[in-house]
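Hi,

Here's the structure I said I'd pass on. Have a look at it first, and then read my notes below.

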Amino acid sequence: MLAKGIQLTLLIGPIVPIPAPRVVIDALESVEVTTAAGTASGFQLKFQFSAKSELNTLVLIAGAQNTGPGAPPLRVMLIVTLNGTPQPLFDGVMTNVQVQPGGQGSPGTLTVTGEDVTKVMDMLDWSGVPFPAMPIEARVAVLCAKYAPFGLVPLIVPVLFTDVPNPVDKIPAQHGTDLQYIRCLAQDVGYVFYVEPGPVPGTNVAYFGPEIKAGVPQPALNVDMDALTNVESMSFSFDPTKGRLPVVFIQNQLTRIPIPLPIPNLNPLQPPLGVLSTPLANIELLKDTAKLNPMQAISRGLAKAKESQDAVSAKGSLNVLRYGRVLKARGLVGVRGVGLAYDGLYYVQSVTSTLKRGEFKQEFTLTRNGLISITPRVPV
């Protein structure tokens, strides 16, 4: 479907998808996949459509899948083969089908949208299910085990400040759907939860742990470097008012007097990427932390501290063929050719991939916690 060196494979089906028939591939006009830190990934497929099109069968199958309560919708997988190497681009479920009839001899449009596997985890309310004497990590593992048929493999990082309630005093119970409860647990300890496809097609990694802004960076994005330029456009911004210092309150059990405790922005998993870090412009008092135990209050403060550090951001677009690989969100990437203030390593906050016949482009958003790179040279 795509340009030379890039091939797209579309698989559709219940639970275990199969390759889409030729008539579906021929009608496919464009594909858009969005992946962003902090939100679920999503996709959109656009097909040419007519009243006599065989795509009507796809619409009927999609409707038949949701005949019972909690029945999972159709699963959709997108695999991109770049220079002979296949890699999963998206794995999720279909959530909506829209039809725009054609007119005056022109074909209509069938638009299919969907979300990643977290959509399935958000379908049934399991409020009241108890988890006696189970740490947070064990609860997340039990909840993720339900979705093994979707290739879900949990990757759970133990909580830094473990809090296991005594079953004599309290038995934790689930509130809401599996996804809502897991996200609530993640927020309480300053963690994140997301699902991303891979490392092989048909599998999905469910990550529950701290947001990591470290590791091996992706190939550098080159701006205004003649033949080495591999981005089409790029712009930068700096917000010096974004920095906040959260202050949590820990209650003295004897005097019942809340003790304020500032939480500095110190996280070994999110090391500074800039020499001039984000200045502290505000102080945020987390008064509701007084009712929590000390470990929970500190975790809540760490979660707030990490939200205020990324004052530098960048937006741009690239051609995948020129870049040489697929840029991925939730990882590091280097930037070169902009200047002293903005060159260096960045965290890829979001990526939107658009695939059409003959082209594969990506729009991206990068963030960083300071100006001037701490690395003397950006990895190529």
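Predicted model: local features only at pLDDT ≥ 70, side-chain atom pairs only at ≥ 80, totals over all residues.

Stepping back, you'll see an open sheet of three strands, ordered β8-β10-β9, with mixed pairing. The edges are taken by β8 (152-156) and β9 (192-197); each has a single partner strand, so one side of each has no neighbour in the sheet. From one strand to the next, the twist averages 20°.

Two helices pack on this sheet. Helix α3 (residues 136-145) touches β8, β9 and β10, and its direction makes about 175° with that of β8. Helix α4 (residues 178-188) touches β9 and β10, and here the angle is about 125° with the direction of β9.

The other spot I looked at is N222, which you'll find in strand β11 (residues 218-222). Is N222 buried or exposed? Its relative accessible area is 6%, and buried means under 20%, so N222 counts as buried.

What does the side chain of N222 meet there? It makes a polar contact of 2.8 Å with the side chain of R336. A polar atom of the N222 side chain also lies 3.0 Å from the backbone oxygen of L228. If you leave aside neighbours within four places in sequence, N222 is in contact with L228, T229, N230, V231 and R336.

Cheers

How values were computed
Residues numbered from 1 in each chain as written. Heavy atoms only, no water. Pairing = 2+ DSSP bridges. Helix = DSSP H or I, 4+ residues; strand = E, 2+ residues; numbered from the N terminus. Axes fitted to C-alpha atoms, helices over the stretch in contact; angles between N-to-C directions. Contact = heavy atoms within 4.5 Å. Buried < 20%, exposed > 50% of the residue type's maximum accessible area, 1.4 Å probe, protein only. Polar contact = N/O pair within 3.5 Å; in protein donor to acceptor, adjacent residues only side chain to side chain.
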